[in-house]
Amino acid sequence: DVMGHGVRAAAVMGQLRTATRTLAALDLQPAEVLHHLDELMDHLGGSLATTHFATCVVAVYDPTEQMVRIARAGHLPPLAVWPDGRTEQLDLPAGVPLGVGGHVFESRDIPLPDGSLLILCTDGLVESRAPGRDIDDGLRELADGVKDPTMALEAIADGLISGLRGDEDRTMDDAALLVARVR
């Protein structure tokens, strides 16, 4: 989630996606991917005069071990939904946003059995400028929004988006949601 709007932010986001895919293909650990992305931030966007910041989560799932290794750089913590329907906000070191520099990122291994969901989103989905609702409220609503983890992923995502955003003006902030079921 690149901080900012406009063409430059979109360009940085595209460059980060390409770099992330390239680093992931090298079979690096999530914390190592974040370290390299952080180092790249000074060179993205086409201007040395502009500092860019982004939050990021890198997760790698090992189906043999039924384990996900995750690291984050200032991003919201992922949400796990267990096959029995329980939800848990994963306790991971927050790290600092990419572009701050000088930080050591940490990866954590989280057991994730078959049928579990891993949900990641940007703050634009759970944060509201409406009075009386802060980001923690949005994260609780996200956790409460998964009614049936066995539903089709698209139906879960649609339900989460409509429940969290409702009729709110969607131009306030970009929102992204990823719902993955492990097998």
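A residue counts as buried when its relative accessible area is under 20% and as exposed when that area is over 50%, with partly exposed in between. Keep those cut-offs at hand for this tour of a predicted model.

**Stop 1: the whole chain**

Show everything as a cartoon. The protein has five helices and seven strands. Follow the elements from the N terminus: they run α-α-β-β-β-β-β-β-α-α-α-β. Now colour by burial. Of the 183 residues in the protein, 38% are buried. Contacts come next. Take those with a separation of 6 or more: 62% of them join residues 24 or more positions apart.

**Stop 2**

Select residues 7–25 for helix α1 and residues 30–40 for helix α2. The two pack at an angle of about 145°, and their axes are 10 Å apart. Their crossing is right-handed. Which residues make the contact between α1 and α2? On the α1 side, pick L16, A19, T20 and L23. On the α2 side, pick V33, H36, L37 and L40. By class, this contact has six nonpolar residues, two polar ones and no charged ones.

**Stop 3**

Is A19 buried or exposed? Its relative accessibility is 14%, so A19 counts as buried, the cut-off being under 20%. Look for its partners beyond four places in sequence: A19 is in contact with L37 and L40. Then draw a line from A19 to H36. They are 17 residues apart in sequence, and their C-alpha atoms are 8.9 Å apart in space.

Move to R21, also in helix α1. R21 has a relative accessible area of 64%, so this residue is exposed. Draw another C-alpha line, from R21 to V33. The separation is 9.6 Å, for residues 12 apart along the chain.

**Stop 4: the loop between α1 and α2**

Select D27, which sits in the loop between α1 and α2. Its phi is near 60°, a positive value in a residue other than glycine. D27 counts as exposed, at 66% relative accessibility.

**Stop 5: the largest nonpolar core**

In soluble globular proteins, nonpolar side chains tend to be buried together. Here, the largest nonpolar core holds 19 residues. Show L16, L34, L37, M41, C56 and L98, which touch the most other members. Four elements, α1, α2, β1 (56–62) and β2 (67–73), each supply at least two residues of this core. Which element gives the largest share of this core? It is α1, with five residues.

Centre on L37. Not counting residues up to four places away in sequence, L37 touches L16, A19, T20, L23, C56 and L98.

A second, separate core has 17 residues. Among them are V146, I156, L160 and V179.

**Stop 6: the three-stranded sheet**

Select β1, β2 and β5. These three strands form an open sheet in the order β1-β2-β5, with antiparallel pairing. Why is one side of β1 and of β5 (108–111) left without a neighbour in the sheet? Both stand at the edges, each with a single partner strand, so one side of each has no neighbour there. On average, neighbouring strands of this sheet are turned by 25° against each other, direction ignored.

Zoom in on β1 and β2. Seven bridges join these antiparallel strands. Find D62, which stands opposite M67 in β2. Then select Q66, found in the loop between β1 and β2. Phi of Q66 is near 50°, a positive value in a residue other than glycine. Q66 is partly exposed, with a relative accessible area of 29%.

Bring α2 back into view. This helix lies across β1 and β2, and runs at about 25° to β2.

**Stop 7: the four-stranded sheet**

What is the order of strands in the open sheet of four? Trace β4-β3-β6-β7; the pairing is antiparallel. At the edges stand β4 (87–89) and β7 (177–181), each with a single partner strand, so one side of each is left without a neighbour in the sheet. Neighbouring strands of this sheet are turned by 20° against each other on average, direction ignored.

Finish on strand β3, residues 79–81. It pairs with β4 in the antiparallel sense over three bridges. Select A80, and look across to E88 in β4, which stands opposite.

Notes. Residues are numbered from 1 along each chain as its sequence is written. This is a predicted model: local features need pLDDT of at least 70, side-chain atom pairs count only at pLDDT 80 or more; totals for chains, interfaces and linings use all residues. Side-chain values use heavy atoms; hydrogens and water are left out. Axes are lines fitted to C-alpha atoms, for helices over the stretch in contact, and angles run from 0 to 180 degrees between N-to-C directions. A crossing is left-handed if the near helix is turned anticlockwise from the far one by less than a right angle, and right-handed if clockwise. Contact means heavy atoms within 4.5 Å. Ala, Val, Leu, Ile, Met, Phe, Trp, Tyr, Cys and Pro count as nonpolar, Asp, Glu, Lys and Arg as charged, and the others, Gly among them, as polar. A nonpolar core is a set of buried Ala, Val, Leu, Ile, Met, Phe, Trp, Tyr and Cys residues joined through side-chain atoms within 4.5 Å. Buried means under 20% relative accessible area, exposed over 50%, partly exposed in between (1.4 Å probe, protein chains only). Two strands pair if DSSP finds at least two bridges between them.
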